[in-house]
Amino acid sequence: MSESYADSVNNVLDVIGVESGVQNFANEWIQSNPINSVGDVFDLLDRLMIPYSVHPSSSKLSTVEHLVAIQIGADSSVTCRHDLKGYLEYQDGALIPAQASQGLADITILIHGQPQEKPEVDWLSNKLDNFKPIIPRLLVISFIANLFALSIPFITMAVYDHVIGGDAGHEVFGIAIGAILLFSMMLLLKVVRSQLLTTVANRISREVSESVMRKLLFGQLGINRMAGTSTLMNRITTAESLKSIVQGPLGGALFDLPFVIIFIIAIGVLGGWLVIVPIIALLLYFILAQRSYRRQKLLNNQLTVSGTTRFSLLYELNSKLSFLRTSHILPFWMDRFEKANTLASKNSFDHLSHQGKYTSIYYAIGLLSTLAVVGLGIDLIFNQVLTPGGLIATMMLISRVTSPAQMLANSYPRIGQVAQAKQQINQSVSYRAEGDYSYQHHHLSQDAPSIDLELVTLRFANQLKPALSGVSFSVEPGQVVAITGPMGSGKSTLLEVIAGLLPSQSGVIKLNGNNLSQYDPQLLRKWLGYYSDQPEMVPMTVFDFIADGRDVSEQEVENVLSKVGALDWVNSLADGMDTHLNQVESLSHPLSNYEATMLTQAKLLCHKYPLVLLDNPVSSKKNKRRFIQWLEENRGTSTIIFTSHDAELIKLSDQVVVLDGGNVGYAGPIPDENEQELDIEASAQGSEA
Ligand SMILES: Nc1ncnc2c1ncn2[C@@H]1O[C@H](COP(=O)(O)OP(=O)(O)OP(=O)(O)O)[C@@H](O)[C@H]1O
């Protein structure tokens, strides 16, 4: 029975029997984030920590264990289950046998269990388990391809001994056709195997990257800020390193390895004790690969550290180019870069020369094995144990043993890194993101809320003094509150704490009387309007930036752009409202503060947020006028908290909070005329000091 995506998710929750808290949470989520696409379904399943896997609807789904499934079509879905006994569909509160609908669904999401209550210890192995059914198929393909490969040396032997030696030229044509057929079959099987491996590699890499990315997006802001760009990028590239092992020639060599035994037996059958040659070669490859790995591990670590340092400097160069060029520290910076560059080059040289040395040794082993077979084989020919054709076949067979061994020995360090990559990925994925494993959320209405802070304290890990120290004050619903104080007094930090971006280390923040931690951070931030001091313009269009993920028309966006005086500027951009913000700004040249403020104000005008947190919302006289107008229009219907050093703006608030070194110097209504001048001027002057 075809239904909406949201209905399917609700049916799934019903079938797996989740607790009422989870069900209520899902309802709240759906209300705030309407489910319009498959991506929205994944977001909700991820948030609910429900284990699932995604399959093409054409796969044999009854062989994969699951509790229930969602078949996703173009704009509707079906709740069902693929049992060994048949197909069941969810109707009137139960899964009942039904006729499977053909061709309607593009993908099927299989649900494997209840919402998880804690992180999986070995997340990656559990993910890889999903691919287990494909392994026997890959082994069978490899086995048959290797059997075909085995027949080619024997055909060559037949040509030498029987056709040339026995003067049977008329048989060449038949043998050639047979050889071409075998060769084509072998090629075909290898192509199929390579495609299967690439598909698996891509899926693993995609799933790992998405999960790691999700943790980064919803991880604690403070920890992410401290981790730095290069560390975060390393986490994603680790996922890519796993992919390179499964796909390509290395993946093929791994599946060929067990069948090397066939070729060794064949050499034994043809050349008797000549079999000792491939066995010694394999042993040598193994011993040398182990030896090389130990050294390469050390070299790899050095290479990563120096590469990361160089990358950080390049990032610094890109983002702070103007500063570097105009300041006097350029020679000092160049010196740092030269040192980092020299170290990275030296490490890269050591790494490559080590790799080059061992690659040559592995190549020499392969060559020596063939020469040993020739030398020893000639003796066997003289003793009439081996025919000349047999010798040529043995030479061909030995390369079937040494080639995959050579490839694996060369890639041994990469294979060895799998354990390390696995540990890193498991660590990144099991790291607790905000809201994980918790389904607490009080309903957030569209009425202006009250806010109470009681002794809120927060110290950044790399700072000695707390940025906020025992901050307490209360805000009535619909009040306008100005936060002021000297630079570095904690104003921005306070807004980030109220927005749930940074958790305080002690004290309580209450929203409508409930502890802020009892709200889901994602739903909370979707509900409130938060504007940072430095607007971060991510690559999106002007329209999307202002729409803020909500349903608004072009006309509405045009109206607000016109109101803030930005319409002419936006129309002058290459694609008007559809211009991507990253086309007008770059890392080294962000949007001007004035342009950014105009866009931010347009966004404010476009939506009605019950709670608005604004960090330094005004950058010029022009947008100050507009801000004051907006403030008056929304006074009483939204709770508004803004930071400012501007005495004129501060006077418009119902309550002012003066911060000094993270402490509240004053919190209350604007003092009367004379005192007011004194306090506010003092704080504004402090900011300019
Ligand atoms: N991510 C961070 N990591 C470490 N310390 C930080 C971080 N953010 C702010 N701080 C420190 O916390 C203190 C308060 O900073 P905050 O930005 O909240 O002050 P502010 O009053 O908003 O300053 P301004 O008026 O310049 O915007 C400062 O000492 C600052 O250096």
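**View 1. Trp-333 and Phe-337 in helix 13.** Because Trp-333 and Phe-337 are 4 residues apart in helix 13 (residues 330-382), about one helical turn separates them. Both of these residues, Trp-333 and Phe-337, are buried in this model, which is a predicted one. A pair of aromatic rings is described by the distance of the centres and the angle of the planes.

**View 2. Aromatic residues of helix 2, with a second ring pair for reference.** The structure holds 10 aromatic pairs. In one of them, the ring centres of Phe-25 and Trp-29 are 6.3 Å apart and the planes meet at 40 degrees, so this pair is classed as tilted. Phe-25 and Trp-29 both belong to helix 2 (residues 20-32), where they are 4 residues apart, or about one turn of the helix. Phe-25 counts as buried because its relative accessibility is 1%, and Trp-29, with a relative accessible area of 5%, is buried as well. In the pair formed by Trp-333 and Phe-337, the ring centres are 5.6 Å apart and the planes lie at 5 degrees, so that pair is stacked.

**View 3. The hairpin of strand 4 and strand 5.** Strand 4 (residues 87-91) pairs with strand 5 (residues 94-97) in the antiparallel sense, and the pairing extends over 4 bridges. Gln-91 stands opposite Ala-94, a residue of strand 5. The hairpin has 2 residues between its strands, and Asp-92 takes a positive phi near 45 degrees there.

View 4. Trp-273, Ile-276, Ile-280, Leu-284 and Leu-376 make a nonpolar surface patch of about 450 Å². Helix 11 (residues 276-319) contributes the largest share of this patch, namely 3 residues. Trp-273, by contrast, is placed in the loop between helix 10 (260-271) and helix 11. Trp-273 counts as partly exposed because its relative accessibility is 48%, a value that falls between the limit of 20% for buried residues and that of 50% for exposed ones.

**View 5. The division of the chain into domains.** The chain is divided into domain 1 (5-118), domain 2 (129-427), domain 3 (450-528 + 610-689) and domain 4 (535-608). Taken over C-alpha atoms, the centres of domain 2 and domain 4 are separated by 49 Å.

Technical notes:
Residues are numbered from 1 along each chain as its sequence is written. This is a predicted model: local features need pLDDT of at least 70, side-chain atom pairs count only at pLDDT 80 or more; totals for chains, interfaces and linings use all residues. Side-chain values use heavy atoms; hydrogens and water are left out. Patches are made of residues with over 30% relative accessible area and no salt bridge: like charges are joined within 9 Å, nonpolar side chains (Val, Leu, Ile, Met, Phe, Trp, Tyr) within 5 Å. Accessible areas come from the Shrake-Rupley method with a 1.4 Å probe; for residues, only the protein chains shown count as cover. A salt bridge is a side-chain nitrogen of Lys or Arg within 4 Å of a carboxyl oxygen of Asp or Glu. Buried means under 20% relative accessible area, exposed over 50%, partly exposed in between (1.4 Å probe, protein chains only). Domain bounds come from an automatic or database domain assignment. Two strands pair if DSSP finds at least two bridges between them. Rings of Phe, Tyr and Trp (its six-membered ring) pair if their centres lie within 6.5 Å; planes under 30 degrees apart count as stacked, over 60 as edge-to-face and the rest as tilted.
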